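This report looks at the surroundings of the ligand and then at a pocket of the protein.

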Amino acid sequence: MKLISTRDESQKEYSYTDVLLAGLAPDGGLFTPLSYPHVSLEEIASFRGAPYRDIAFTIKKKIIGGDIPDDVLHSLVDAAYSDTSFLPTKDGNVAPLQTIGNGVFIEQLSLGPTAAFKDVAMQMLGQEMNYELSKRNEHLIILGATSGDTGSAAEAAFKGLEHVTIFMLSPERGMSPFQKAQMGALSGGNVLNISVRGVFDDCQDLVKKLKNEKEFEKLGAVNSINWGRISSQVPYYFSGYVQAVQAIGDEVDFCIPSGNFGNALSGYIAKQMGLPIRRLIIATNENNVLDTLFNTGIYAQTPTRTTSSPSMDISKASNYERFAFDLLGRDAAKLREYMHIFETTGSVDLKEFGVSVSDLCGQGFESGVSTHTDRLGSIRSVYEKANIVIDTHTADAVTVGIRAKKDSVPLICMSTALPVKFEDSIKEALGFVTERSERFMGLENSLPEDAFIRIDADAEQLRAFIRSHS
Ligand SMILES: *Cc1c(COP(=O)(O)O)cnc(C)c1O
């Protein structure tokens, strides 16, 4: 299966493995499939009761389209979803469903090493990148910036891989002690943690600045627009589906706690591939860029507000461009103009491009907003009903999903982090925190003094550090 850039009318074709290492397309667009592969209902039926690894193999094979040989792909999937990387569950299920009653399910996507759903895609990305680099006999330096979950998920996935070195910038201020400790514990070898005296935007500006320089332009990226990540999130929609429905062919609704629209886009792709999804319900927190979009057709950047579901605190939703490309009839010139208006004015209206709100929602998209009070309420009610403690991001999905539920069609709310990452909010909601599992016990107390290299928000200090370590 070939890929094209959303901003290239000539539709130059790229292979899966080229795109994997490239991140953004050369014209600044996002890579997207030339067409979506198809999965039949018979194939979906065969996923029932199958180990997650088999589902992941089948779906990724269709998406990769022969670029990685079958036996290799099997070994990469096995390494990504081993019992040591993901908490062992019954039948090796990486994405088990739990019921909270009345046809509402929670799909647990956070059993990986850093306790957030980003592990599911990042573990696979690490394996695929390392394989391709070793085949090409190349080494890749990844430079990233993180305000929370992405950094530790990337580090856990790339730790010890021979062909990759990862430099991760994080702000001295703004991250929780738990998140710092998770990253700090991974420092060493091919993982270098750099603490920047500043805030997240300073980190991001440094990354952008260096990548625009000839010397550093080849640095790799692992942010959420990476096609390898998006495509590795598609299998868990199939897995959730077969666990929820009575009969194959029945419809389901998904509710997705959304920030950059990466997870939701993977659901849209699963639907294009033939999975019987009726609704894709987008849950936002107080940062409601996507809710405004799906209700009005207007995509407008807003200043970020800090909330108790911080991994969804975004000012724009980068992956939306891939969906917008489809909405605009896959017309790259139109998409370019649309994104140009957004990038220069901070706001763009689909109606001016001939797309109505009902076209926009025609693929089953709906949306809703969840606030801090809603989150606390949902954490409480799920605990009372089902004796399950959910985290604040999952709580956003439960809030919006249950509000939108209208009939007996199963509703799957995606659980994107474990509550241990956000204990302050859990305490606020329930009055207590649950006991930590062994792997997180005392994590914050064991941070080595030299886990982070400290620099100012200064490009020259960063350049010097990267040069001396690569
Ligand atoms: C990243 C993240 C999200 C948002 O996912 P997107 O793909 O950016 O929409 C939601 N919850 C958690 C816990 C996350 O880490």
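A polar contact is taken here as a pair of N or O atoms within 3.5 Å. The model is predicted, and the distances below are computed from it. In glycine 259, a backbone N or O atom lies 2.8 Å from an oxygen atom of the ligand, whereas aspartate 149 places a polar side-chain atom 2.7 Å from an oxygen atom of the ligand.

## The shell around the ligand

There are 15 residues around the ligand, and those that come nearest are Lys118, Asp149, Gly259, Asn260 and Thr416. By class, the shell comprises eight polar, five nonpolar and two charged residues.

## The second largest pocket

The second largest pocket has a volume of about 340 Å³, and its lining is formed by 24 residues, of which Val389, Leu418, Pro419, Val420 and Thr434 lie nearest the centre of the pocket. Both the strand β4 (104–108) and the helix α18 (423–430) contribute to this lining, each with at least two residues.

Divided by class, the lining of the second largest pocket contains 13 nonpolar residues, together with six polar and five charged ones.

Conventions: Residues numbered from 1 in each chain as written. Predicted model: local features only at pLDDT ≥ 70, side-chain atom pairs only at ≥ 80, totals over all residues. Heavy atoms only, no water. Near = heavy atom within 4 Å. Polar contact = N/O pair within 3.5 Å; in protein donor to acceptor, adjacent residues only side chain to side chain. Nonpolar A, V, L, I, M, F, W, Y, C, P; charged D, E, K, R; others polar. 1 Å grid on protein atoms, 1.4 Å probe; cavity = no way out; pocket = protein on both sides within 12 Å on 5 of 7 lines; lining within 4 Å. Points joined across faces, edges and corners; volume = space filled by probe spheres on them. Helix = DSSP H or I, 4+ residues; strand = E, 2+ residues; numbered from the N terminus.
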